[in-house]
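Please read it beside the structure shown here.

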Amino acid sequence: MLLGQQYYDNPKYGKYLEENFILYRAPRGDKTGDAVFKRFNVSGTPFLLFIDGNGKEIDWIRGYSAPPDKFHDKVQRILQGVDTFKVLSEQAAQNPKDVPLLTKLAKKHGERDPVNTEKANALYKQIVAIDPDGRMGMTDFGKDQVSCTEFAEYSLGQAALYTRGTKRSPEPLKAFLKKYPASKILKSAYMSLSSFYAYAPGPYKEEAFPFLEEAVAKYPDYPYFRLYYVSRSMNNKENIERAIEMAEAMGGMDYASIANYRARLYQLKGDLSQAEAAYGPEFMDGRVTSLAASLFSYASFWMQQKKNLDSAEKMMGTAILLQPDNAYFRQSAAGLYLQAGKTDKAFEIFGPEFIKTPKLNASDLMTYARFWVPRKQNLESATAAMESALKLSPEDAYVLQSAAQIFITMEKPDKALEIFGPAYIKTQDNPSTLSNYGRFWAGQKKNLDSALEAAKKATTLAGQSSSQSYLWDSLAAVYLAAGKPEEALKAEEKALSLDEGYNTESYQAQLKKIKDEIEKKAKK
Amino acid sequence: MKKAFVFFILLLLSAAFLPAQTWLTGSVDDALAKAKAQGKLLLLDFFASSG
């Protein structure tokens, strides 16, 4: 949004862009746009990709930060071929031991795909192997300079914490803290580890509190470390007294005031674009989103407790007023009102008027339909919403699965099979889509041959990483539904062997169900 | 002098209301072919309305 306002819409840069590039725009949420995101494997936005006429990627820019002049410099450098991905790759092929060059290239890979960091990691490993003592060059880290090796070790530590599809481990980053106790990256490393320990599963629970205490002691003025401690405590339901102390010490963390001071200082400096970056519309939109979420959480909490109802309903109304297009707020509020016997209020918030909102997407419409159909209320409007969603996104797996669910609720299984049955799944090769399909039909105890075929294909297509454990769990569910508990047992054991602790409870519950079924079968 | 001032204001206004750049939105392959024919780079802007 800021990129458009400050850069694209600024006539100062518009002419340059028009003259030097062929410009193409891929909006997320639009059918063609989504296909382009998929084709070029782009996830976050904003993201600018520069390609030559032969389709070869030359370079990219992820994110936007003011001032626009500085951003324009980056675009100009790409056009001039300065340190682009293409140029760096060619140089690295010529000089495979040039550590600063390899670091630049690794950073480029990291920027291209922050989630799948294999390419960047391979280069960082090379850097550490070539220059273990960090003497062959420096690189930027924010406003500081650190050795390329130090940066490489930090990046590998980060990847070990976050990278999807690998066994996550805090050990490399903990080793980094020990090796570089005076590092300029130290605080960032503590932040990453604290965030990890705030939510880490099973085996890490015990190390979490001592580590978070260490982080708070090291950075007593930085409230986020306390926040992580509080989150851990709430997750574990342990050390509550200490967490309360931490929460009380977090007082005074008012980001709006800090942002206001920063903006005033930038204004004094004569740099309004930095003031806008710190305290502009995007900042305030974020505050409104966060306020709406707070109001919603407050209202939901008290409406569930059936206490403070006047205040809760008032705050729910304010949350919806702040974010009128938020289907999740409306759906949850309507559910609470129905529970409280206030059907009129539920209709007022999430009734037929809602689906006339022009900005709604297929997912919002389906949320609406899925809310009303099982309740056997407001059926005409709910069916109309479902039909609109199917027209808007006829190939979207979530939309199709939701529609199938609705048809089943309406006792029209043939219609469900028509849109989300064997003919549909044969065209799919995404493990997650295949697995969800299998689990869906296992839940219905229908269409089980096709469900089994899809769930098996999902596990074949996916790798062996921990993040894929749910595919095996789905396969087990389908085997169980199909009356094959022995096969289900093998699949569930595989799921458990891949899991890191995030899903252990639910997997073990299914394992017990499977074992009971085997026992029952043996008695027969 | 007055005429020159009016002309200057009109010039400024016309610049302010110039349309933004032309962004293609259809086929990427067509855009690539256009880039190749004109010897330019293709700039793909991936964006979300909220971001």
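A residue counts as buried if 20 or more other C-beta atoms lie within 10 Å of its own, as exposed if 12 or fewer do, and as partly exposed in between, with C-beta atoms placed from the backbone. The model is predicted, so local features need pLDDT of at least 70 and side-chain atom pairs count only at pLDDT 80 or more, while totals for chains, interfaces and linings use all residues. Residues are numbered from 1 along each chain as its sequence is written, and chains are lettered from A and ligands numbered from 1 in the order in which they are written.

## Chain A and helix 20

Chain A holds 29 helices and five strands; helices (H or I, at least four residues) and strands (E, at least two) are DSSP runs numbered from the N terminus. Of the 524 residues in chain A, 36% are buried. Two residues are in contact if their C-beta atoms, placed from the backbone, lie within 7 Å. Among contacts in chain A between residues at least 6 apart in sequence, 47% join residues at least 24 apart.

Helix 20 of chain A (residues 362-372) is mostly covered, with nine of its eleven residues buried. The buried residues of this helix are Ala362(A), Asp364(A), Leu365(A), Met366(A), Thr367(A), Tyr368(A), Ala369(A), Phe371(A) and Trp372(A). Their cover includes helix 18 (327-339), helix 19 (343-350), helix 21 (379-392) and helix 22 (397-409) of chain A.

## Helices 8 and 10

Two packed helices are described by the angle between their axes and the distance between the axes. In chain A, the axes of helix 8 (residues 148-162) and helix 10 (residues 186-199) come within 11 Å and cross at roughly 10°. Axes here are lines fitted to C-alpha atoms, for helices over the stretch in contact, and angles run from 0 to 180 degrees between N-to-C directions. Helix 8 and helix 10 of chain A are therefore roughly parallel to each other; angles under 35 degrees count as roughly parallel, over 145 as roughly antiparallel, 65 to 115 as roughly perpendicular and the rest as oblique.

From helix 8 of chain A, Tyr154(A), Gly157(A), Gln158(A) and Leu161(A) meet Ala189(A), Ser192(A) and Phe196(A) of helix 10 of chain A. By class, this contact has four nonpolar, three polar and no charged residues. Ala, Val, Leu, Ile, Met, Phe, Trp, Tyr, Cys and Pro count as nonpolar, Asp, Glu, Lys and Arg as charged, and the others, Gly among them, as polar.

In the interface, 26 residues of chain B are in contact with 36 residues of chain A. On the chain B side, the elements that give two or more residues are helix 2 (28-38) and strand 1 (41-47) of chain B. That side has 16 nonpolar, six polar and four charged residues.

Four strands form an open sheet in the order 1(A)-1(B)-2(A)-3(A), with mixed pairing; two strands pair if DSSP finds at least two bridges between them. Strand 1 (21-27) and strand 3 (57-62) of chain A are the edge strands, each pairing on one side only. Direction ignored, neighbouring strands of this sheet are turned by 20° against each other on average. Helix 2 of chain B packs on the sheet, where it touches strand 1 and strand 2 of chain A together with strand 1 of chain B.

Phe50(A) counts as buried, with 21 C-beta neighbours inside 10 Å. Beyond its neighbours within four places in sequence, Phe50(A) is in contact with Ile58(A), Asp59(A), Trp60(A), Ile78(A), Leu41(B) and Leu43(B).

## Backbone exceptions

Most residues other than glycine have a negative phi, and most peptide bonds are trans.

| Site | Feature | Value |
|---|---|---|
| Thr45(A) to Pro46(A) | cis peptide bond | omega near -10° |
| Ala66(A) to Pro67(A) | cis peptide bond | omega near 0° |
| Asn239(A) | positive phi | near 50° |
| Glu411(A) | positive phi | about 60° |

Pro46(A) lies in the loop between helix 3 (31-39) and strand 2 of chain A, and Pro67(A) in the loop between strand 3 and helix 4 (68-80) of chain A. Asn239(A) is partly exposed, with 18 other C-beta atoms within 10 Å, whereas Glu411(A) is exposed, with 8.
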